[in-house]
Amino acid sequence: MLSDHISPGKRGITLVYDTIDLAKSRIKSRLERDWEHQCQTKDKLRTYRSFKTEMGTASHLNCNLPKFQRSLISQLRLGILPIRIETGRFTGLNEAERLCQLCTQNQIENEAHFMFDCNLYAPYRQELETGIGADFSIMNTTDKFNAVFSHPYMLGRYMEKSYRMRREKLYNS
Ligand SMILES: [Zn+2]
């Protein structure tokens, strides 16, 4: 009686394997569903999907940019720049709670806030606008992103200065 339970026999083992296979395929389809959902909603592909330039290529990759700037631009494009919209994900904050800690504008610190809204980087933004010959105040967000992505050198400079300032304010004050 007892030994029946301890050694289930061949049929029992087959049953165990079947159960494992079933669990695996359930997990796989669950992951696939999640991935599709993420692509359709936001998260990782948020910036890339919304602000892909008309060229369809990442023009900054063909430029002789300093490594740090190139990396920042790539992270911006992919929506993985470590600003609060992204880092808040790891600390379990709801999206609405991932506010910018560097200004008093009470806005979510997402890519658009970092690039076009946060007061902290206003002087650098002015240089950027002048450099690319644009007036952000009369442009929508998509046009602004398209404009900066087609000027990788100016974008790289803005991002490096702003990101360094952000880091300094957050961690050295
Ligand atoms: Zn801000």
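Student: Where in the protein is confidence lowest, and where is it highest?
Tutor: Confidence here is pLDDT, the predictor's own score for each residue, from 0 to 100. Helix H1 (residues 2-6) has the lowest mean, 47, while helix H7 (residues 122-132) has the highest, at 98. This is a predicted model, where local features need pLDDT of at least 70, side-chain atom pairs count only at pLDDT 80 or more, and totals for chains, interfaces and linings use all residues. Residues are numbered from 1 along each chain as its sequence is written.

Student: And what's the mean pLDDT of the protein?
Tutor: The mean is 82, and 66% of the residues reach 70 or more.

Student: OK, new topic. How many helices and strands are there?
Tutor: Nine helices and zero strands. From the N terminus on, the elements run α-α-α-α-α-α-α-α-α. Both kinds of element are DSSP runs numbered from the N terminus: helices are H or I with at least four residues, strands are E with at least two.

Student: How do H4 and H9 cross?
Tutor: The axes of H4 (residues 67-78) and H9 (residues 152-171) come within 9 Å and cross at roughly 95°. Axes are lines fitted to C-alpha atoms, for helices over the stretch in contact, and angles run from 0 to 180 degrees between N-to-C directions. H4 and H9 are therefore roughly perpendicular to each other. For the wording, under 35 degrees is roughly parallel, over 145 roughly antiparallel, 65 to 115 roughly perpendicular, and the rest oblique.

Student: Which residues meet there?
Tutor: On the H4 side, Phe68, Gln69, Leu72, Ile73 and Leu76; on the H9 side, Pro152, Leu155, Gly156, Met159, Glu160 and Tyr163. By class, that contact has eight nonpolar, two polar and one charged residues. Ala, Val, Leu, Ile, Met, Phe, Trp, Tyr, Cys and Pro count as nonpolar, Asp, Glu, Lys and Arg as charged, and the others, Gly among them, as polar. Two residues are in contact if their C-beta atoms, placed from the backbone, lie within 7 Å.

Student: What about H7 and H9, parallel or antiparallel?
Tutor: Roughly antiparallel. Their axes come within 10 Å and cross at roughly 175°. Tyr124, Arg125, Leu128, Gly131 and Ile132 of H7 make the contact with Met154, Tyr158, Lys161 and Ser162 of H9.

Student: How many residues are in the largest nonpolar core?
Tutor: There are 21, and Leu72, Ile73, Leu76, Cys118, Val148, Leu155 and Met159 have the most contacts inside it. H4, H6, helix H8 (141-149) and H9 each supply at least two residues of this core. A nonpolar core is a set of buried Ala, Val, Leu, Ile, Met, Phe, Trp, Tyr and Cys residues joined through C-beta atoms within 7 Å.

Student: What does Leu155 touch?
Tutor: Leaving aside neighbours within four places in sequence, Leu155 is in contact with Ile73, Val148 and Phe149.

Student: How much of the protein is buried?
Tutor: Of its 173 residues, 22% count as buried. Buried needs 20 or more other C-beta atoms within 10 Å of a residue's own, exposed is 12 or fewer, and partly exposed is in between, with C-beta atoms placed from the backbone.

Student: Is Asn106 buried or exposed?
Tutor: Exposed, because 7 other C-beta atoms lie within 10 Å. Asn106 is found in the loop between helix H5 (84-90) and helix H6 (111-117). Its phi is near 60°, a positive value in a residue other than glycine.

Student: Last one: where's Pro82?
Tutor: In the loop between H4 and H5. Pro82 counts as partly exposed because it has 13 C-beta neighbours inside 10 Å. Pro82 and Tyr163 are 81 residues apart in sequence and 9.7 Å apart in space, C-alpha to C-alpha.
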